Amino acid sequence: MSQDPAGEESWEALLRSMLGPQAADEAMAAMRAAGLDPEAMASAAGLPQDRNQLALMLGQMQHILAAGGTDPVNWALAGDVATQVVRQTGDVTVTAARAAEATEALRVADLWLDAVTELGPSGGATRAWSRSDWARETLPTWKTLAEPIATSVARALERVLEEQTRELGDHPLAAGLGAGAGGGMIRQLGGAVFGMQVGQAVGTLAGEAFGASDTGLPLVEGHDAALVPANVDAFAEGLDAPAEEVRLFLAVREVAHARLFAHVPWLRAHLLGTVEAYAREISIDTGAIEEAVRGLDPSDPESLREAFSGGVFALEQSDAQRAALVRLETALALVEGWVEVVAGQAVAPHLPHAVPLREMVRRRRAAGGPAEQTFASLVGLELRPRRLREAAALWTHLAEQRGVEARDALWSHPDLMPTAEELDDPKGFVAARDAAASADEDVDAALASIFAEAEQAEGPDAAQDDAEGDPR
């Protein structure tokens, strides 16, 4: 039997790479006996028709399975896919001259920010990244974000498929696909699929991101500030502002993020912890998965497409998850709102196009992009702040009423941060907090008065005893 990875034998070649020759032959015989058309299944699976592309795909699959592993996400594959996506879209090498422009813009941004915030310089390095650098440097944080949810999805899918494969008895296909045998084929393939999806999203984001923090999340540990010159240039091409102004404006935003995360040590853990809290409460509709698996007709490509596009594997949000999402959206809005206000104040005296640039960045963040949509479908989380305008209005009003120092002091503890309800009335925030503080002061004064009266009631003899000590 030919193993040419093209034409009618392509699906068989893929099975051979996954199961081995003997198991693949028996699986193919069972499928044909059941009336399944391998060519139709190949079309439904989206296998490439080009001989070279399919050969490359088979080689990658063999490499994945040979590496083994039972992690819910194949992170080595995710990194490889991200790198491939970046190369396909074009990765411009950062020359010494371009690196100097970027780092100088970040240095100037630090000077401008000194005049508008009490949060000092981050103390980190200034860096210029290629798109590949961005993907590589941020991938560890994406692991923290995606892996807990991938684990829950993988376990649910394994349980369903394990029940399905029991019907095959001792058939070699069941042995290959069984999820319970110490990390079977389904677990490996599931990790590979999730890894490819995450890698695709990270690679796409690498072609969009301006720096290390413009998604709103702290994507790198430490307090470095970075710019991706290729993405900054691409953004500047469609604007009326000079490229230098655009670079400086984005540098100020990047440095503002770095200062915030450097001087608010609880913030990074709070944001990532909220995502983890969401993941812990995840529940998968295994009934829907089981029904879909039972109802699929592998010989009908259209039925496969409809099943997978119909949200069969959509996540069910519990009350705890919805609460976690509100906390995350509120925190992202507060971070982005503070950065927008502070950056706007910092650039206003220096950049003629500061106002339109601010609005362009705000619209870009609100609209999101294909990579953000991919992550939303993968983990049920959107990276853009929905309430940016309300948060910016709150920070602006607070500075006007109480000053910059009071505004930035709110970051000193998470309990002081505005709540989602307080974002509903940004201008009333200061009055409400003042009223609460006044009430606390009244309570403290009342308690002090009670203690003073109690001491007076004890009389001078009690005071004398206290001074001389208990004679007993």
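This is a predicted model: local features need pLDDT of at least 70, side-chain atom pairs count only at pLDDT 80 or more; totals for chains, interfaces and linings use all residues.
Residues are numbered from 1 along each chain as its sequence is written. Local features need pLDDT of at least 70, side-chain atom pairs count only at pLDDT 80 or more, totals for chains, interfaces and linings use all residues, and side-chain values use heavy atoms, without hydrogens or water.

**Overall make-up**

The chain has 21 helices and four strands. These are DSSP runs numbered from the N terminus: helices are H or I with at least four residues, strands E with at least two. Of its 472 residues, 46% count as buried. Buried means under 20% relative accessible area, exposed over 50%, and partly exposed in between, with a 1.4 Å probe and protein chains only. The accessible surface comes to about 22,900 Å², and carbon and sulfur atoms hold 52% of that. Areas come from the Shrake-Rupley method with a 1.4 Å probe; for residues, only the protein chains shown count as cover. Among contacts (heavy atoms within 4.5 Å) with a separation of 6 or more, 79% join residues 24 or more positions apart.

**Helix H6**

H6 spans residues 96-113, which is 18 residues. From first C-alpha to last it reaches 26 Å, close to the 26 Å expected at 1.5 Å a residue. The expected span is 1.5 Å times one less than the number of residues. Its buried residues are Ala102, Ala105, Leu106, Val108, Ala109, Trp112 and Leu113. They lie on the same side of H6, because they cover an arc of only 165 degrees around the axis. That arc is taken from the directions from the helix axis to the C-beta atoms. An α-helix has 3.6 residues a turn, so residues three or four places apart point the same way. The buried residues of H6 pack against strands E1 (126-128) and E2, and against helices H10 (229-237), H11 (243-263) and H15 (319-347).

**Nonpolar cores**

A nonpolar core is a set of buried Ala, Val, Leu, Ile, Met, Phe, Trp, Tyr and Cys residues joined through side-chain atoms within 4.5 Å. The largest has 88 residues; Trp134, Val246, Leu267, Trp338, Trp395 and Trp411 touch the most other members. H15 gives the largest share, 13 residues. A second, separate core of five residues includes Tyr278, Ala279, Ala324 and Leu325.

**Aromatic pairs**

Rings of Phe, Tyr and Trp (its six-membered ring) pair if their centres lie within 6.5 Å; planes under 30 degrees apart are stacked, over 60 edge-to-face, the rest tilted. The structure holds four such pairs. Phe210 and Phe235 form a tilted one, with 5.0 Å centre to centre and 55 degrees between the planes. Phe210 lies in the loop between H9 and E2 and Phe235 in H10, so the pair ties together parts 25 residues apart in sequence. Elsewhere, ring pairs link Trp266, Trp338, Trp395 and Trp411 into a cluster. Beyond four places in sequence, Trp395 touches residues including Leu334, Val341, Arg407 and Met417.

**Buried residues**

| Residue | Relative accessible area |
|---|---|
| Phe210 | 5% |
| Phe235 | 13% |
| Ser213 | 7% |
| Thr274 | 5% |

Ser213 sits in the loop between H9 (185-206) and E2 (225-227). Beyond four places in sequence, Ser213 contacts Glu254, His257 and Phe261. Thr274 belongs to helix H12 (residues 265-280).
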